[in-house]
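My notes follow in the order I looked things up.

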Amino acid sequence: MFENNKNNVQEISDMNFDLSQYADLKLIHFRTEEKEKELAIRKEKQEEEQYLNGLQKKKDNWENGCISGYDGSCTKLVWEFKPNLLDPSSFEHIDTQFRKMDNYVVVIMRYRAKNALGAYNIGIVKAKVSYDCGILEITQ
């Protein structure tokens with residue numbers, strides 16, 4: 001069914017009927033664009049929702065995946081930081097604290113290691129760690 005220019009409603013039973021002679025093509029095009037925009041917005045919202053759900057799952061599982069059950073250290077941070085010490089074999093983990101932010105976790109780790117004179121010093125390293133356990137930045 002369609003409404004022609006004279007506001008008469010017509011019913012069409014022939015599926016091969018050419019409607020374009022009666023239709024306002026600009027209006028059809030405009031409505032198509034509106035539908036495409038609406039679908040794009042829905043898709044964008046759905047993708048954002050999926051991203052946020054995935055991020056929440058990563059936040060919930062971060063501690064299990066990134067913090068060692070053995071000594072409580074952030075395993076990837078130790079791997080990244082330890083080779084930079086003067087004597088990597090002298091590294092001893094003391095404790096690790098962390099705070100979850102929106103897009104990353106701030107990790108503060110205290111450790112003991114030998115200095116240039118061979119004496120043990122206590123040091124602190126602070127880093128930004130992603131929810132995938134990757135080291136984003138070592139800040140201190």
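Are C66 and C133 buried or exposed? I checked, and both C66 and C133 are buried. I note here that the model is predicted.

**Entry 1: the overall layout**

I listed the secondary structure next. The protein chain has two helices and six strands. Along the sequence I read the order as β-β-α-α-β-β-β-β. I also looked up burial for the chain. Of its 140 residues, 22% count as buried.

**Entry 2: cysteines**

I searched the whole structure for disulfides and found one. The disulfide joins C66 to C133, with an S to S distance of 1.6 Å. The pair links distant parts of the chain, 67 residues apart. C66 sits in helix α1, while C133 sits in the loop between β5 (120-129) and β6 (135-138).

Which hand does the disulfide have? The torsion about the S-S bond of C66 and C133 is about -85°, so the disulfide is left-handed. As a reminder to myself, a disulfide is a covalent bond between the sulfur atoms of two cysteines.

I then returned to the burial of the pair: C66 and C133 are both buried. C74 is in no disulfide. The nearest cysteine sulfur to C74 is that of C66, 5.9 Å away. C74 has 1% relative accessibility and counts as buried, because buried means under 20%.

**Entry 3: salt bridges**

How many salt bridges does the structure hold? I found five.

I started with R42. R42 forms a salt bridge with E38, and their closest N and O atoms are 2.7 Å apart. Both R42 and E38 lie in helix α1. They are four residues apart, about one turn of the helix. R42 counts as exposed at 52% relative accessibility, because the cut-off for exposed is over 50%. E38 has a relative accessible area of 35% and is partly exposed.

I went on to R110. R110 forms a salt bridge with D95, the closest N and O atoms being 3.1 Å apart. This pair links distant parts of the chain, 15 residues apart. R110 is in strand β4 (residues 105-114), and D95 is in strand β3 (residues 92-100). R110 is partly exposed, with a relative accessible area of 34%. D95 is also partly exposed, with a value of 24%.

My last pair was E137 with K128. Their side chains meet in a salt bridge at 3.7 Å, N to O. The cut-off is 4 Å, so the pair counts. E137 is partly exposed at 38% relative accessibility. K128 is partly exposed at 27%.

**Entry 4: charge on the surface**

Where do E44, E47, E48 and E49 gather? I found them in a patch of negative charge on the surface. E48 is found in helix α1 (residues 25-66). Its relative accessible area is 47%, so E48 is partly exposed. A patch residue needs over 30% relative accessible area, so E48 passes that cut-off at 47%.

Note on methods. Residues numbered from 1 in each chain as written. Predicted model: local features only at pLDDT ≥ 70, side-chain atom pairs only at ≥ 80, totals over all residues. Heavy atoms only, no water. Patch = residues over 30% accessible without salt bridge, like charges linked within 9 Å, V, L, I, M, F, W, Y side chains within 5 Å. Areas by Shrake-Rupley, 256 points an atom, 1.4 Å probe, with all protein chains shown as cover. Lys, Arg positive; Asp, Glu negative; His and termini not counted. Charge placed at Lys NZ, Arg CZ, Asp CG, Glu CD. Buried < 20%, exposed > 50% of the residue type's maximum accessible area, 1.4 Å probe, protein only. Disulfide = S-S within 2.5 Å.
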